[in-house]
Amino acid sequence: MAHIHLEDGSFTLTWVLVWWIIALACIGIALWVLRREKGKNQKKITIAAFVTAAAFALFQINIPLFGGVHLNLTPLVAILAGPVLGALVVLVINILSAAIGHGGWGLIGANVLINLVEVVVAYLIFRGSRKIIPDLFSRAGIATFAGLFCGNLMMVAIIMASGIQGVTQTPGQVLAGLSLIIAVNMGIAIVEALLTGLIVRYIGNIRPDILGESKP
Amino acid sequence: MTAFKEHRGIILFGLIAIIVLIGAYAAYQATGPMGIEERFNAATGLSSGGEEEEGSIAGFFLEGNMLSYLLVLVILAVACFAVYRHNQG
């Protein structure tokens, strides 16, 4: 899903550092919150470990839909682990992905920020719409759509702000091209929304405490 | 009205899915069949080196190195087990 698939060197060093610094600042805040809430997140750490493994496994698999895209599972990470642990999960996934050759090292900062937007938006929508949409499947699905759409917007904003070295296209042409990428990426968001909805509904049926929901 | 209230979540989900599907199909028709990296390169005006699709199974393929992927997955599985055992006690 939303992930900058450009090689190292596409952004200037200044922009690489800017996105890394902002991403590290966000991770720093997440670590500070975790330290403050010492012990409260014990159970969630186990869940976070499992969703990290699952998200990493799926993140690398290219699905032959609309030419080729991959799932992120960031909304599921948000719903199950929360935004604080979710921030650490997306950092780990992006570092491990770069380590195996999926994505550039210099783009980890930017990609962490994109995934972080997905996590935060999906979490807020899932928690915030509890009264309006009590059904877990559709609430998780809608949160997934919203999170992934905002992640895509963040991706375009980062690319447009940074500029790409060595291209002759005007910013308008790049924006038009990236808009098509958003539309294609959102196509796979349907699969991700269905998957997230089904997993969340299943967990909600057997262990609603994990979701912070009362038993139906 | 009550039926709508009861099912508004799934109705909204369905509407979003239909809109998104139409948008994705239209964009796919405009760009043609391309892999992720090709699509990015085309959008940004970078020269494309083509997508690596070695070891593709029914169109599914792995991004990055297969051996490293399996190694990282094993490490993550062991870490999950360790965290689970630690927090169980």
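The legends below describe close-up views of helix packing, a cavity and a pocket in a predicted model.

Local features are given where pLDDT is at least 70 and side-chain atom pairs where it is 80 or more, while totals for chains, interfaces and linings use all residues. Residues are numbered from 1 along each chain as its sequence is written, chains are lettered from A and ligands numbered from 1 in the order in which they are written, and side-chain values use heavy atoms, leaving out hydrogens and water.

**View 1. Helices α1 and α4 of chain A.** Helix α1(A), residues 13-36, and helix α4(A), residues 108-128, have axes that come within 7 Å and cross at roughly 50°. Helices are DSSP runs of H or I with at least four residues, and strands are runs of E with at least two, numbered from the N terminus. Axes are lines fitted to C-alpha atoms, for helices over the stretch in contact, with angles from 0 to 180 degrees between N-to-C directions. Angles under 35 degrees count as roughly parallel, over 145 as roughly antiparallel, 65 to 115 as roughly perpendicular, and the rest as oblique. The crossing of α1(A) past α4(A) is left-handed; this term applies if the near helix is turned anticlockwise from the far one by less than a right angle, and right-handed applies if clockwise. From α1(A), A:Trp19, A:Trp20, A:Ile22, A:Ala23, A:Cys26 and A:Ile27 meet residues of α4(A), including A:Val112, A:Leu113 and A:Leu116. Contact means heavy atoms within 4.5 Å. The residues of this contact comprise 11 nonpolar, one polar and no charged. Here Ala, Val, Leu, Ile, Met, Phe, Trp, Tyr, Cys and Pro count as nonpolar, Asp, Glu, Lys and Arg as charged, and the others, Gly among them, as polar.

**View 2. Helices α3 and α6 of chain A.** Helix α3(A), residues 74-99, packs against α6(A) at an angle of about 20°, with the axes 9 Å apart. The two helices are therefore roughly parallel to each other, and α3(A) passes α6(A) in a right-handed crossing. A:Thr74, A:Pro75, A:Leu76, A:Ile79 and A:Leu80 of α3(A) meet A:Glu192, A:Thr196, A:Ile199, A:Val200 and A:Ile203 of α6(A). Seven nonpolar, two polar and one charged residues make up this contact.

**View 3. Helices α4 and α5 of chain A.** The axes of α4(A) and helix α5(A), residues 136-162, lie 7 Å apart at an angle of about 150°. This angle makes α4(A) roughly antiparallel to α5(A). Their contact has 18 nonpolar, two polar and two charged residues.

**View 4. The largest cavity.** On a 1 Å grid over the protein atoms alone, a cavity is a set of points where a 1.4 Å probe fits but cannot get out, a pocket is an open set with protein on both sides within 12 Å along at least five of seven lines, and lining residues have an atom within 4 Å of a point. The largest cavity has a volume of about 40 Å³, the volume being the space filled by probe spheres set on grid points joined across faces, edges and corners. A:Gly68, A:Val69, A:Ile181, A:Asn185, B:Ile36, B:Arg39 and B:Phe40 line the largest cavity. Helix α2(B) gives the most to this lining, with three residues.

**View 5. The second largest pocket.** About 370 Å³ of space lies in the second largest pocket. Among its 15 lining residues, A:Thr46, A:Ile47, A:Phe50, A:Arg207 and A:Ile210 are the closest to its centre. Helix α2(A) contributes the largest share of the lining, five residues.
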